[in-house]
Amino acid sequence: MTDSITDARPEPVSVFGKQYRGTSIGLLLIVSIVAFEAMSVVTAMPIVVESLDGMAYYAWPFSAFMVANLLGMVLAGELADKLGPTRPMVVGLVAFALGLLVAGTATTMVQLIVGRLVQGLGGGILIVVMYVLIGVSFPPSLHPRVFGLTAIGWVMPGLLGPVVAGSLAQHAHWRLVFLGLLPLVILGALLIVPGLRRAPSAAAAPVPAPPSNAYRGGAAARWPYALLAGVGVVLLQLAGERLDLVAIPVALVGLVSVVVAVRRLLPVGVASAAAGLPAVVLMRGLAAGSFFAVDTLVPLTLSSVHGWSAVAAGLPLTFGALGWSGASWLQGRYPNLPRSVAVGTGMVAVGIASSSMAVVAWVPGSAWVAFPAWIFGGIGMGLVMPSLSVLLLENSTDADRGRNSASLQISDALTSSLTIGFGGVLVAAATAGAFGMSTAIGAIDVAMVGIAVVGVLVAPRLRLRSAP
């Protein structure tokens, strides 16, 4: 039972070597674009919606993106396993670019929502197909470095995205938040083309072996369940916003929808943390859910509880992003690092960071603790996320790499949506006067510590199963 697969080929010097340079830069650019768009839209959306006279429908562009994103993940997983990564990647790039164009030229809220739907579909396809492309284009010895690179590409826009988007929306025009990314999407596509040409297609690749990981429903289409999961999350969010008797049946319907969908979207054994892929998929949800629920509350903790300005309250997130990027780069320098150990260590760090933020919420004069705490939390995620991506590919075959990649992303998206939604419910209750804001935030932080502890316990089960 091992954590890594030995590659007989000599280890390439760098992901930026001649053979891999274009693909690596293209992947980095596209990940950064998708991440920048996701983070910048949150900042610019108030101005966008106000200019379109659609404040009553403020949440719809976000909900549309999320539902379409889940659908794109599922479709990409199925298509990539059948056709190879080339055509799905092209479809994802075209859809994402088209969504930017539609949203960026919107004159009504309906057009904006349609643009966000198309963007979400394209973004979901791109994120999943990138895993497949990495699996077929880079040798296993380079996977830690590639995933470290993509992690940096995902995190670094968090440093500049909100500032750039806010400046564009306020001082230039909000349309540039969407349309300004179009040339970069085209450039990223041009850089990835050589890698796509080297990737096998369905016609060129040998007939794959049967999938090694079991899913309920076999090869039946899963896209209806992706829609069901998205609708379920939206219903849960609506229930959390209402906080009245109507919210109870709405929440129950949403919860049942998510549970039914997850049983078909994720591999068998996730609920019991079965060794191998199920534990990897579960761990991705535990990591994302525990970290991002606290991450979204860091500025609120410092502003509402300690009275810091908006700018100062957001600074710990910047330091956390730097910690995440640094740890992602560092783990890539050690391809033989036992991945289950790296993930377990990272989850310990996330748990300590979350418990430290509970102290910040409850103890007067402790605001400064947010800085070392969130650097530490970022380092933990920098160890966890690339390592889980490496383990995903080690637990996949050519026949199920796309489906497994989709499962990983779905676990991430659904769990973080649910934990962030849970935090939103408690914050809304505190705002309504049910209890103090520091009580609500501290309770959320402690709950996420519990999830991180579960992650630490699951980490030893991430190792590959012994060959029969």
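In the predicted model, the side chains of aspartate 412 and arginine 284 meet in a salt bridge, with an N to O distance of 2.8 Å, a salt bridge being a side-chain nitrogen of Lys or Arg within 4 Å of a carboxyl oxygen of Asp or Glu. This pair links distant parts of the chain, 128 residues apart, with aspartate 412 in helix H16 (residues 401-431) and arginine 284 in helix H11 (residues 277-295); helices are DSSP runs (H or I, at least four residues) numbered from the N terminus. Both aspartate 412 and arginine 284 are buried, that is, under 20% relative accessible area, whereas exposed means over 50% and partly exposed in between (1.4 Å probe, protein chains only). This is a predicted model, in which local features need pLDDT of at least 70 and side-chain atom pairs count only at pLDDT 80 or more, while totals for chains, interfaces and linings use all residues. Residues are numbered from 1 along each chain as its sequence is written, and side-chain values use heavy atoms, with hydrogens and water left out.

The structure holds three salt bridges. In another of these, glutamate 78 pairs with arginine 222, the closest N and O atoms being 3.9 Å apart. Because glutamate 78 lies in helix H2 (residues 60-83) and arginine 222 in the loop between helix H8 (182-198) and helix H9 (223-242), the pair ties together parts that are 144 residues apart in sequence. Glutamate 78 counts as buried at 14% relative accessibility, as does arginine 222 at 1%. A salt bridge also joins the side chains of arginine 401 and aspartate 398 (2.9 Å, N to O); here arginine 401 is buried at 10% relative accessibility, whereas aspartate 398 is exposed at 52%.

Conventions
Helices (H or I, at least four residues) and strands (E, at least two) are DSSP runs, numbered from the N terminus.
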